Structure formats: structure tokens, C-alpha cells
Amino acid sequence: MSTSFDLNDRVKVIEDPTKNVKQIQDRVLEEIVTRNMNTEYLRRFLDDGDGQFDKEHFKKNVPVVKYDDVKPYIERVFNGEPSDVISSAPITSLLLSSGTSGGAQKIIPCSNTFLENFLFINDLRMFVTSKQVDGVERGKGMMFFFATKPPQIHAPCGLPVWSATSSYFKSDYFTHRPSNWHTSYTSPDDVIFCPDSRQSLYCHLLCGLVRRDEVVRVGSFFASVLVRALKFLEDFWKELCSNIRLGHISEWITDPDCKNSVYPILGGPQPELADTIEHECSRKPWEGIVSRLWPNTKCVETIITGSMAQYIPALEFYGKDLPLISTIYGSSESVFGINLEPLSEPRDISYTFMPNASYFEFKHVDVDDDHGIVDLADVKLGLYYEPLVTNFSGLYRMRVGDVLLVTGFHNNAPQFRFVRRENVVLSIDTEKTNEEDLFKAVNIAKLRLESSALRLTDFTSYADTSTVPGHYVLYWELSRAEDDPELIPEVLEDCCFAVEESLDAVYKRCRSKDTCIGSLEIRVVRDGTFDSLMDFFVGEGASICQYKTPRCIQSSAKALDVMEERVIARFFSKKCPPLHGSIVFPI
Ligand code: AMP
């Protein structure tokens, strides 16, 4: 994929590929297989062929795999064997996927093609945004980007191991980026690279506030980061204003590169600017604070689909009338697609797959064997699929673990709604609760808080099997609309019940037999717990930019400790959810 298309060609760059999905996908697969025919991995499956590319032969012989199946090959490259164990193109780095959904981190091989694809899709989505959000080209982005965690580790083979976003920010593609509006940020690059995320966040805000008139978009890759940044601003605005007033950066900002790069932007004492910001920040509530502090902002740009959807209310509150746009869908395995209608309502967001990024297949989620697998061009409207990726960096028919729903087509390119991450389940007995079920139930239950001046800000869960019978535990962090509202037991017990009532029939059936599943429990944690959880995962190597609150922390005893240490109250459901109306097959 070329990244150097000129502005006038860009419509062509969207229209042509989306019209010729099948031809492009066949060509991409042919290129990948022909180039990689002699890798040890593909030879194992394709050796009985005649050495020529044959799509049917590929599909028949190369297995559909999960990460654990290819892990031994990736580990060999990690430990120093040549890239051609899996890929003819040199592996240039190893990407640590956020992997916090399943608890475990994956290491994904990356070649330059990944970054070129990312740049291409990035340019494309910004082009689409500029056509639909008026004025977004006339200023800078205040984007909360971070690129240093994990501290650059090297595998025994010498390759860096880092997140996909860090690999981009640390690449020549970013360092030598052409200067255009969509790569122009309020923060200098050294703020992105600061090894301490709090110092980095503080300096992002400081630069953004000083350059407030230039800001036309505010964002981050994932919504959780942006909400965290705005909460941080709530805690630190007085100190930020004092820095602006005095033209002096707080002593705790010690990273020399960060500090030296921010001083020239601060540009000496600015008491009037400090007064204006102080005036806005001291006005409560903070509804619409984004446009009050950054009056030229045209949009809030961050991913709000999937598990990020729970941050929509907070962003709608801070952003008020600003459009909330979610433009890109991708992973460490491949970039997938963009949202061609960035101004659509959150519930209507769909991503159009770009057929030139990788070769994509789709596994029908309700069909267990490989017969349910179709090409990108053959997916059907209204069906749920998991994407499989064959890419230019050594992955062949690898399951991504996301579930997508086909919602439409742009020309011949399918558009998908992100439904959920496949592998997140709570399970005590025969019931299986996935991320989507859990979200739905929590979203219903949190409405019951309304009477008590409390708001749910974040949650995670685990299936506690140390009790007999085991039971679901939800950790809830609550924010207060009033100074110190009480935790009223009846309200929280009712929330427990509402979650149970909203879970599926199999859960209720298990719950109705007291021996299968016990009462659901909500453990309220103190303020800032989910920031600590993020710090914990970042400390373990997760990327801040790609971080998503894990909805289940079953597999990490240490993460559970982080939560347990901060529990301030516990509540249990007081009754069993009724079974009526539920169709339950015999267990
Ligand atoms: P990572 O490999 O760490 O970048 O994580 C990739 C995963 O993040 C994907 O497989 C999705 O589960 C999730 N993700 C990425 N983009 C989106 C999006 N636009 N909406 C919802 N989830 C997303």
C-alpha cells in the first residue's frame, strides 16, 4: 500500500478499493503466499503443492489458528532464529498487543508493511474526517498519545518489543512525518516519549491549555485514556493555572526532554490566560468543559465502540455538543478499516474494511468448524463473524478474537459494527457470560443509581469460585454528583439484582438452584482505583495508548490484589432473579 497519494486522488483511494474487494483480496493473498511460500511455517502446509499459488490449496491446507498455535514459531524468532521461520520480509519489531481483554499479552511479529498500512489508513480516515467536520484542518490536535511504556525491551534476537502505537511513534515514519494538519499536535514529541505517564499527561494538558486557541480536535486512541486525561485535569487545573501564571513548570516534572521541550511553549508568565482558564475550571458542573477551555474544537476524536462504549456518557458530558467521532478499527495483527461516516451516532458506528491492508476471512460465530469461513467479499448482511488475518508479517489465518456484525456495504466493501471481544467470559457453572452480556446488564443496573447522586465510572469483574457456590463479583468505582453521598445498601443491593435480572436464562437457571451460583456481589472501590489498575497493567508492559479496562480480571491474581486492596464496601443481591419468560434448555 502506498502512503504517498495526493489529496485529489483520495476519493479514488476509497472508491476503487471498495469496488474491487474480491480482486484486491485475491491479489493480496497471492502476494503474501508467493512471497512466503518458502518460510518454514507455510512449507509445512503447502509442500505438497506445485510451488504455484493456488487459493483453494491454501485454504484447504493452511489451518485456521489461534495465537497459542503459532506462539512456538513466534518464540523462535523472539529467541534469535531468522525471520523466515514465519516471514520472508524481515520482522522489524515484536508488538505487544494490549491483550488485557483476555488477561494475557500476545507478541505479534511486525514488518514495515504493518506501519505503512497504518499510515495509509490513518491518512485515509483523516481525509474522511476533514470532508465531514468543518474546520478540522485549521489548527492542531490535542491528542493524548504516549509512547514509552513498556520501556523499550529487546528480545534475545535484538528486536524491540513494544506496543503497536509505540512502534509507530518510534519509527522513522513518525519522526520524519510530513508536516500537515493531522500530524500537528499541541504537544512536542518529547512529551509523547516521556517515560513517566503522569508527567507526560500533565505536560500534554499544559501545552494544550497554553495553545488553547489553536486546538481544533481533542482525542486519544481509546476513550478510556481521554476520560482519564479529563479527570486528571479536574484534579490538577489549579496547579496547571499556577504554572501558566508564573511561566514555570512544577518541580515534579523532572524528565529533562519533556521539560525542555515544554518551556518554549509555555513562553513565560501569562496571568491573563491563567485567569481565563481558572474562571472556566472553577465553574461547576464541568459539562461542556472541552469547548469552554478549547473554544475552537470541532470534534472529540477517540474510539468509543466495544468496551469503550461505557465512556460515551462521560465524553458527552465533557464534550457536550461536540461530535464524538470514532474513526478507526485495528489491532496489532492488522489495521482493518475506517468509519466512513464519522458523524454517525455512537450506536450506528461501523467500520468499512479496506481490502488492501491484509487478506481477511470471516468465521461465522455460530458455526464451529471451518465450513463457516468466507472471504471478505462474501460476508452476509446481519450475520456475526470473527475476522481471521493473513498478513505480510508472518500470520496466516489467525483468529483475531473479535466479534463483528455486518451492517452494510460501501460499494462492495462490507461494513462491520464492533460487537464484542470473543474471549471474555465469566463462567461459574454451565452459563457463559460474555463481554456484551455483562455490559448490557451493568448498563441497566447502573440506572438504579440515579436516585442516589452516584454515577458508575468504571467496572471490572471476576468469577469468585473460592465461595461455595461460586458467584460473580463486580468491582464498581463510583463518582459523586454531591460532596459525600452515602452508599445506600438498598440501592446497591438493587443494582446487584438488576445485573442478575439482565443476565441470560442459563445464568438465572443456575442461580435459581442455590447450589450452582451464589448471589452476585458488587464491591465498591475507592476513587482512583481504575487508574491504579491501568498503572498496574502499564507496569506489566501494556501500552497506555492501547489500554482498555479489562472487563474480567480472572487470570491476573495481581490485578485482583490491586482491586481488593481498594474495596470500601460490599453488597449482595438479596433475591434470585425470576425465571419466567426465559427459555432454558435442560442443563
Ligand atoms: P491491540 O492489539 O492491543 O491494539 O488491541 C486490538 C483490539 O482492540 C482489537 O482486536 C479490538 O478488540 C480492540 N479494538 C481496536 N479498535 C477498536 C474499535 N474501533 N472498536 C472497538 N474495539 C477496538
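Buried means under 20% relative accessible area and exposed over 50%, with partly exposed in between (1.4 Å probe, protein chains only). The model shown here is predicted: local features need pLDDT of at least 70, side-chain atom pairs count only at pLDDT 80 or more, and totals for chains, interfaces and linings use all residues. Residues are numbered from 1 along each chain as its sequence is written, and side-chain values use heavy atoms, with hydrogens and water left out.

**Close-up 1. R448 and E501 form a salt bridge (a side-chain nitrogen of Lys or Arg within 4 Å of a carboxyl oxygen of Asp or Glu).** Their closest N and O atoms are 3.5 Å apart. The partners lie 53 residues apart, R448 in the loop between α16 (435-446) and β20 (454-464), E501 in helix α17 (residues 489-502). Helices (H or I, at least four residues) and strands (E, at least two) are DSSP runs, numbered from the N terminus. E501 is partly exposed at 31%, and R448 is partly exposed, with 31% relative accessibility.

**Close-up 2. R245 pairs with D275 in a salt bridge.** Here the closest N and O atoms sit 3.0 Å apart. R245 is partly exposed at 26%, and D275 is partly exposed at 41%.

**Close-up 3. K55 and D375 make a salt bridge.** The closest N and O atoms are 2.5 Å apart. K55 counts as buried at 15%, and D375 is buried at 10%.

**Close-up 4. Salt bridges link K22, D26, K55, K59, E361, D375 and R397 in a network.** Across the whole structure, the search finds 35 salt bridges.
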